[in-house]
Every structure is written in C-alpha cells, then in structure tokens.
Amino acid sequence: MENGAKRVEEEEEEQVVNPWEVSSKNKIDYDKLIDQFGCQRLDQSFVDRVFRLTGRSPHIFLRRNVFFAHNRDLNEILDAYERGDKFYLYTGRGPSSEALHLGHLIPFMFTKYLQEAFKVPLVIQLTDDEKCMWKNLTVEESKRLARENAKDIIACGFDVSRTFIFSDFDYVGGAFYENMVRVAKCVTYNKAVGIFGFTGEDHIGKISFPPVQAVPSFPSSFPHLFSGNDKLRCLIPCAIDQDPYFRMTRDVAPRLGYKKPALIESSFFPALQGVSGKMNAGDPNSAIYVTDSPKEIKNKVNKYAFSGGQDSVENHRKYGANLEVDIPFKYLSFFLEYDEELEHIRKEYGSGRMLTGEVKKRLIDVLTVLVERHRAARAAVTDEMVDAFMAVRPLPNMFN
Amino acid sequence: MGISKAQLLQRLQAQQIHFSQYDHPVVMTVEAQAKHVGHIKAGLSKNLFLKDKKHRFYIVSALADTKVDLKVLSQRLGLGKGGLRMAPEEAVVEVLEVPLGSVTPFALVNESARSVSLLLDQGFKTHECCFFHPLSNDTSISLHIEDLYKFLKSVGRMVAYVDLEANPTVGKDQPPDLAALVPSDAPSIQNISEKTATLQIDGDVKSKPVAVTAKASKVSSGQQKEKSVNNANSSSSFADPEQFIEEILKKASAIVVAEIKEENIKQHGGQLGAVVSNSLRKNLSLELKNLATMFKNTAYTEGFGAGIRCPAKRL
C-alpha cells in the first residue's frame, strides 16, 4: 500500500502545472490534469451544440480540440443561452513582457470568436499588479506594459462596443474592491497555501492577490456595465494553468450568493523545440513573436521547430512522421483553417509520403499571414483607442 | 520632391498649430542658432540623423543639453552595441530631403522619410515651446512639442517620446525597451531615384539621377516597396471610408482575377460565378471582418475622443 502510494506521488511530481509554472518531464498529460482539476473533456456533441446555437462554423480551436476542457457550468450557460439568457465573457493577461508570442494570442483569438458568435460582452483584465509583485517590476513599468499589451489584444479584433479592458492598478476600488474583500473573507490562509503553494517567505502582496483575479467573474464588480443584472452568468476562456484561481472562485461564489463562473480551457501551445512545456517569453527561439519578420519566422521554423520526421529520407518514407511530437504539424493544427488540407497533410506526412520540409514551408506561409495581419491591425491601434477600450463607460449595445 | 518650407508652414497654419517664426542667416550648428534665437524663452533642439546596419533611419531630437549616448540607444533599440551611426550626408538630402544642417523632425512629412523613426526627448515636454527648423536652416520656429507630436502622428509617422538619458540594462530577461521604435522597413530609395530622374529641369539636377540610380540598384534588391507603402496606408485606411473600401476592393479583385483563368473557365463553365463567389467567401471573410472591426473601433475612438473633450451641456 505504502509503495503504491509513494509511486503515485512521484508520478504526480513529473508534471507541474500552476499559474506560475508549466513543465513536465514528458508530454503534458492532459487526462491527468483534467482529473486533478476536476473538469471534463469537451466532446463533439458540445461542438455541434455550439454550431446550432450560434449558426456559424465552430472555431478552429474547438474543431481541433485546442479548447478541450470545461467545468459543468458550461452546459448550464448554454442551456440558459438557449432560453434567451445571455452571459458575459471574462479573460485576461498578466503583462510581464512587451514581446507577445502566438501562445499568448490563443485565448484572445478564441475569446474573440466567442464574442462574435454569441454576441456577448467581454471584460479583459490586465493583471499589472500581479506582474509587479511576481516579476518584481516597478509599478510604472507594469502599467506601461499593460497598455502596450492592450494594443496587441485590441489588434486581435475585439469589438469596442462590447469590450471593457481594465488594468488592476487603474480599476481596483469601489464595487470591485468590495467583492475582493467579500471573497478574501471566505478563503483562509491555509486554504490559499493549499491552492497556490505560498510559503512563509512569500510577501503578503502575493497572498492577497488571488481575490483580484476572482472577482471579475461576478457581474456586480462592474456596476457601470451590469448594474442590476446580478444573475448574469460568466464564461471564462483561459489556459488550463489558470484553473486554481477559478476553483477558488467557484468555491466561494455560492457562499456570496453569486453564480459560479463556467470555464472553457485550452491546452498549451507547445514551444518550438517540443511538446514538454509551454512557450516561454524568456527564450526568443522557443516561440514565434507577433513582431517577428517573415524572415525571422522562416528561420525559426526551419531551425528550431522540433521535427517528428525520421532521421533519413528512406526511414521517413518507410515509417512516416511521428505526429504526436512533430511541432510543425501541431502548429498547423492550431492555425491552418482548412480542415481538408490538414487531413491531407496528416495522411501524407504520417505515412512518409510528404517530407518535413514541405510541412514546414506550409507552416511558414500560414504563420507569416497571421503575423502580418496582426501587425497591420496593431499599427492601427492608437493610444486613444486604448483609452476608449479602457474607459469606464456603459456599453449600451453589448448584447445586440 | 520634398515639400518646401513655405508649404510646411502653410500646413501648420491650416491645422491651427500655433508657432512663432524667426528668420536668420543659415546656421549649421546649435551654437550658431543660439546666437540668433537663444535669447527667446524656448528650448533649443539638436537633431541627429542616424542609421543602423540594416539601412534603417532614425532622427533623435533632443534638448541641446540632453546627453545622447549612441551606444546606449543602440542597445535599447535592440541593435546591439555600436549598431547606430550618424547617417552619411547624402542620406540627409536623399531620405529627409532637407539641406545639410537642417535635420528636423518636420522632415518626416516627406514621403521619402516615411519610414524614419523619430525619437523625441521627453525633456521637451517641460518647455512651453521648443525650436525646430521648418525644413530649412535659415529659419527656426518655436512651438509646443505636443503639437509637433500630434502633427506627425496625424500623417502616420513613427514618433515616440523617450527618456534619452536613461540607461536601463538590456539582457536575456530585460528586452530592449525601445525595440518597438525600430522601423519595419528600410526606406525605398527606388522611389526617389525615379522622381529625381524625371526632374531634368535644372542643369544641376541632371547629373544627379545617374549617381542616385546606380546606388538604388545596389540597395534595392532586398527591399519590398509594396510593404512599406502598405504600412503607411494601413492606419489611415481604417479612418477613411474611401481608403477602406479601396482596400476591400483590391483584395476582392485580386481573388476574382486569380480565379478566372482558362482552366477554371473550362472546368466550371457557367458555374464559375458560384466558384469565384465561394472562393471570395472562404479567403476573405475573416480578413474583411477584421478590417471592418478595426474600422468600427477607429470610428468609436474618434467619437470617444470628441466626447471627452466636449464640455457637458446638460445635467
């Protein structure tokens, strides 16, 4: 019994997933994560239901299982939507660096689709205070990064008449802070340590931070948007490593008389060098950045993208590529819109008829178009546009 | 051909930008300029025209006593140590289209200088007015730095306030803080050579085109002319309905033209219309939606700006 328990413990330590670290000795085991976090896989019936409810083709990230997990409340949100009860979206970013890579854009691309498909409002939280505390940035620098990141976020194509972007340093106060205190009162120090792993050496800023990320799930935190609409439900698209914050939130919500937020979670966008982690802003060659030139994209993909192809052309023709670990194919599954083309590549590359070079070339084309489009959109975002998105203003047409 | 001093001053007046004008003999240095306008209560500027190893250009405009360290700036821009040099004299004339000794932020209004990045000393903000040459060093005009900033932003130029004396560490965990100010393209000198080639008016100019075209043919091989044009236009196509529609029609036409060719006509015959229509939808929906959203956001922002500046009329 003892040996068995110990072995399980060791296995569990093989992968670490929390809001501040994602790493694993091997591939990330998503089944284990789902178990650990107590969520469920999204299945085809869900994707079909979304198609029926929204009347448009489900987003590529749903079709390709990028957003793959949820908690029970997601079905309730869809049930309510069918009855005519709307919801709002909440997502965010911790602005720790100016350099945004494709992995950062994924939740935003998906959220934009959700906003368009369901025609619902969205709040985007920039946790500049969190990064100030965890990454030891100055307050001024975190605020500046928040605004710079806001420009990239806006460039993803959010509708200003339905979107409120806020930075914690700007917005915390009033009804938002009242909710923070209500939440904080419900979470003991020991519980926080259990969820987030705080130690005696961590400063008190860190320990008091979690409520900040919890309360945007409650409509009463935004009186200028949802006043009087206390029963409005919240859907949070995020990467699965953010789950701890929202488990805490869902635990606290009923005690405060609030509805629990629903989550829809994505897997990690793998680093160029392989599947055992997520992209890391510290290593420029682990990721494609939105500021990369076409030449840099070509170079990075050709030089650093981990190939699942065999080591020689003969072996490759014989055995085909290992699509489980092949990065170019994985990236294409995230970004190549055309399902038929991806299927074709899966068959040809997997059987060895197609070579890695060809797959890489296709990927370079796809990524270049994506990055260029983002750059053009980003160039059109002015400081005044950021002010407009971040202004505490009513959004009269947010459900139309 | 670059615009003239008179044209620039006219434009400033048309945009109701207030400035004071002082004519004086030609001055080639800040000291010489100070002899004529130094007594006036306005910040004198020194203007450096710089170039990096990839032939991208920068103007660093600073208060006369702000220390500018090119090595530090080079690192902060992400160009490594020593990636930034003073640009050669020909570049002042060719890229900025101003005479020697007249380097000025205003030069950015010229098409040839459209991809020059302007770094403005944030120290300018502490002065009510600052002096700049209006494209010619026989005049100095003083105006509020915000007006200059807004004027250049309104023509879509890359301008930013920078703390020029700051010396932050740049390393693996600290990315270069000014990296965003590096232009995405080198200016396309091809354009200039074409223009000067047609100016066979003066005896002086005749000899120039030969020299310039020879240079352009060496430099132009790697440059994408289209791209730099697009970058300048894209921001205005979101504010101007005419340009916006032009963008859409351009993209749609490209697809239609690509689809209607011999083999497709043979294959689909009368159904070609449906095929082209599907292709348009498939290839353009996403992109046009993004364009339209940016257009909407830009319009909303303009309204928002107007709204916050408008004094409240009723309670």
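The side chains of A:Asp73 and A:Arg250 meet in a salt bridge, with 2.5 Å from N to O. A salt bridge here is a side-chain nitrogen of Lys or Arg within 4 Å of a carboxyl oxygen of Asp or Glu. A:Asp73 lies in helix H5 of chain A and A:Arg250 in helix H15 (residues 243–252) of chain A, so the pair ties together parts that are 177 residues apart in sequence. Helices are DSSP runs (H or I, at least four residues), numbered from the N terminus. Over all chains, a search of the whole structure finds 41 salt bridges. Side chains of opposite charge can pair when their charged atoms come close.

This is a predicted model, in which local features need pLDDT of at least 70 and side-chain atom pairs count only at pLDDT 80 or more, while totals for chains, interfaces and linings use all residues. Residues are numbered from 1 along each chain as its sequence is written, chains are lettered from A and ligands numbered from 1 in the order in which they are written, and side-chain values use heavy atoms, with hydrogens and water left out.

Now turn to where the chains meet. Chain A brings 30 residues to the contact and chain B brings 22, where contact means heavy atoms within 4.5 Å. Together they bury about 2,200 Å², with 56% of it on carbon and sulfur atoms. Buried area is the accessible area (1.4 Å probe) that two parts lose on being put together, summed over both. Three salt bridges cross this interface. A:Glu116 and B:Lys289 pair their side chains in a salt bridge at 4.0 Å, N to O. On the side of chain B that touches chain A, helix H8 (225–237) and H11 of chain B each give two or more residues. H11(B) gives the most, with 16 residues. That side of chain B divides into five nonpolar, nine polar and eight charged residues. Ala, Val, Leu, Ile, Met, Phe, Trp, Tyr, Cys and Pro count as nonpolar, Asp, Glu, Lys and Arg as charged, and the others, Gly among them, as polar.

The search works on a 1 Å grid over the protein atoms alone: a cavity is a set of points where a 1.4 Å probe fits but cannot get out, a pocket is an open set with protein on both sides within 12 Å along at least five of seven lines, and lining residues have an atom within 4 Å of a point. One cavity of 30 Å³ or more turns up in the whole structure. The largest cavity has a volume of about 50 Å³. A volume is the space filled by probe spheres set on the points, and grid points are joined across faces, edges and corners. The lining of this cavity has ten nonpolar residues, no polar and no charged. Among them are A:Phe46, A:Leu78 and A:Ile264. H6(A) supplies the largest share, three residues.

The second largest pocket holds about 1,400 Å³ of space. Of its 41 lining residues, the closest to its centre are A:Glu337, A:Arg373, B:Lys282, B:Leu286 and B:Glu287.
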